[in-house]
Amino acid sequence: MSPLPAVEELKALIEAGVTGAAVAVVPNSSPSGQHSLLLDREHARAVAEFLRDHAELRLDYCSLVTGVDWLDRETTEKIKVKKVVEGPDGSQQETEVEETRKTKTPGYLEAVYHLFSMEKKHGPVILRLRTANRADDGHVPSLTPVWRSAEFQEREAFDLYGIVFDGHPDLRRILMWDGFVDYPMRKDYVPPADDALAGVHA
Amino acid sequence: MSVDEMVTLEAGPGEIMEVSMGPHHPSTHGVFRMDVRLEGERVVRLKPVFGYLHRNHEKIAEHGAYLSAIPYTDRLDYLCSMTNNWGYVLAVEKLAGIPVPERAEYIRVIVAELTRFQNHAGLVGFLLQDMGASGTPLMYAFREREKILDLFESLSGARMMCNYMRFGGVRVDCSAEWLEEVRQLIGRLPRFVDEFEALLRANEILMARTQGVGVLPRELAINAGVTGPMLRASGVNYDIRKVDKYGVYDRFEFQVPLGDHGDVYDRYMMRILEMRESVKILEQALRDISDGPIMDPKTRLRGLRPKAGEAYGRIESPKGELGFFLVSDGTMNPYRYRVRPPSMINLTILEDMCLGQNVADVVITLGSVDIVLGEVDR
Amino acid sequence: MLGEGIIQGLLETARNFFGSYVEKDRLVTVQYPEQRHPLPEASRNFPFLLYDGSEPEAGLRCVACQICEKECPPRCIHIEKSKDKKPDFVGKQQFYPAVFNIDVSVCMSCQICVEVCPFDAIRMDKVFELSTSNRFGGLLWTKRELAKSNEYYQKIHPTEAAECDDRREKELAEAQAKAAAAATAKAAQAAAATAGAGTSAASANGASGNGAGAKPAEVPAKTTVTP
Ligand code: SF4
Ligand code: SF4
């Protein structure tokens, strides 16, 4: 097993190898220590090809494609602001007032790729692609042209999460049936009521 | 599409006939369908269709605690519940940094290799059945498989849905008598493999049916993420037991059998040879197992809350790389729980293997992939 | 030679056929249901509730803590806690399940309820011939169908039951010792109080009134969850 460069080095390698690619390290604080790389959507395909063909890395095997749903988040933080208020005697006083401020972080859908190398026997290198938002723009580039193994798994992520993989050769539902409308693995999915069984029970 | 449109029975030469093989078809090993387009007997297109057994295992697991997902993993590849358990607990151990005592690791190796043996025995039996050797080899295979399932039952309480492993170890310790029974059984297993091999290995019909059929080239196998015996039949030396050395696999001496044609015959032989290697590993594991705890008493099973983060754990299951990807948000339920189902991903190249073959060869090519629909559909 | 492989194979078949008359290893089937393979001790099927003594209803060990209800993966246990309490085997007042149902048609025999129960109240049974013609109610077991005696448990899982009985005996002895110690301590305290200052006699009386009787000192809930 040849050693794999650390994520920071990988980032530098990619940015040197693929012009214009913006790569960010997503740290992982769990004991597994599997950090990942966030790619920009425009250069993802080029980066994937670079990683697959790089003589040292040779990440020829894409093991796993996962869809993850990150909901819109609302974080409330209390901040202290200085305000000038009029005192009871009419003078201007500066006091500190606590204000709650709400920040909305828009959610996104994420496709996570776990790469290994069968030739060099190392891995995993984890790539992440994020969609612009969860509602109307769920597009990421497909990596199936780079790794065939992503074909069914990307279809699955499309089926269950609604991530649209641009450039996928055959993007259809795979586990749910064709007429199904919703995306059942999303966090805000509401299953239909069990009406179908009601008559049977009676 | 109506039935009439699907099956055009009177196709003349050069005409295209569409056949929907499955979902209820004895050769599909479950509810699995292939939309096959035929030109005469030749396959010109094949699209696998599945999902008939989909019950959204991943969503169920995301709704439950970490512990409650273990019995559900039994039901993925329902022939190999022990290895499924292992893949999942390995991922949780990575996610939460849980140590595993040595004895538990040895027990895991023993049950996992027994699982591999019985899976391969069953698969070879089914494959031969698909080829028309109806019954006899399958019954021989099942006879041995039953003996292994008996051992599982006396250890874990159930024959197939073992629910045996826990993060941090295994659920119950095995007794000395149980180990002795395993020892006795694996003393007899090589004879079974020999007989089984003699039964059909040199059989002219088998050779004619399998050699050069369903060839999977090496480069395609790698690129399509094929794993397990199927990948090794195409000549790629990649066995996660050797690569990751998870558990205590670094302590055993065994070989990774490799094929060089990547055809159905090689895949069949791969299973036979791996059964022999499993017996070797079992002998060493039974020799080296020592007394000790099976679980760290500090391990929390109920109400485990791993720190926020993620982990991917993978093992070499009998079917290929079985992986579990877990994302924790610091609560009692996994935020994301993902299974890497080896037999589903091995199906990706089914079409490539079948193109240009006769329709009868589709059946054995599919048989040699070794799919279990509980895992393909989840 | 063409056909050699086929002949070799037929020889194997013959070996197995004749071998099945002499070798036990080659003949493994039995004529069910007249003949049966014995079930191993560890074998498990569906849960049952244990009771002590001869009264199924009164002797139920379950204290309706509802841990198993929460942990059951397919959520097939339904428990309703009682309003009143009754003493458990060490004499501590505990709730009991007013309703305890398991939908066996949903249960997946995973044994998690047994593992998480801190009161040794639920165990796995071995019966498997349970078919019923009633699709919706036939496999919904209530307290009555679920309750099985400790003797039955000792019969089907002897090793496990012996361990469990040992543990409970120890616990009972501990609880009794503790209660006795607490009672003597209370008595001594009361005596000291009366001997010390005559004015505190009233409060000492109150204390001894609390300590004596059916309610022994708090026994910590047992947490020996089998891993
Ligand atoms: S965990 Fe045990 S004591 Fe608690 S409700 Fe369930 S069976 Fe009763
Ligand atoms: S055995 Fe499993 S499924 Fe059945 S009641 Fe117990 S916890 Fe629930």
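Guide: One term to start with. Buried means under 20% relative accessible area. Also, this is a predicted model.

Visitor: OK. Is Arg232(B) buried or exposed?
Guide: Arg232(B) is buried, because its relative accessible area is 0%.

Visitor: What does Arg232(B) form a salt bridge with?
Guide: Asp239(B). Their closest N and O atoms are 3.8 Å apart. Asp239(B) is buried too, with a relative accessible area of 2%.

Visitor: What about Asp120(C) and Arg123(C), buried or exposed?
Guide: Both are buried. Their side chains meet in a salt bridge, 2.9 Å from N to O.

Visitor: Which residues do salt bridges with shared partners join into one network?
Guide: Glu156(A) and Lys187(A) belong to it, along with Glu58(B), Glu62(B), Arg336(B), Arg338(B) and Arg378(B).

Visitor: How many salt bridges over all chains?
Guide: The structure holds 64. One of them links Arg159(B) and Asp150(B), with the closest N and O atoms 2.8 Å apart. Arg159(B) is partly exposed, at 26% relative accessible area. Asp150(B) is partly exposed as well, at 38%.

Visitor: New topic. Which residues touch the most other members of the largest nonpolar core?
Guide: Tyr113(A), Tyr88(B) and Phe167(B) do. That core has 203 residues. Its largest share, 14 residues, comes from helix α5 of chain B, residues 102-130.

Visitor: And what does Tyr88(B) touch?
Guide: Leaving out residues up to four places away in sequence, its contacts include Tyr66(B), Ile70(B), Phe167(B), Phe324(B) and Tyr337(B).

Conventions. Residues are numbered from 1 along each chain as its sequence is written. Chains are lettered from A and ligands numbered from 1 in the order in which they are written. This is a predicted model: local features need pLDDT of at least 70, side-chain atom pairs count only at pLDDT 80 or more; totals for chains, interfaces and linings use all residues. Side-chain values use heavy atoms; hydrogens and water are left out. A nonpolar core is a set of buried Ala, Val, Leu, Ile, Met, Phe, Trp, Tyr and Cys residues joined through side-chain atoms within 4.5 Å. Buried means under 20% relative accessible area, exposed over 50%, partly exposed in between (1.4 Å probe, protein chains only). Helices (H or I, at least four residues) and strands (E, at least two) are DSSP runs, numbered from the N terminus. Contact means heavy atoms within 4.5 Å. A salt bridge is a side-chain nitrogen of Lys or Arg within 4 Å of a carboxyl oxygen of Asp or Glu.
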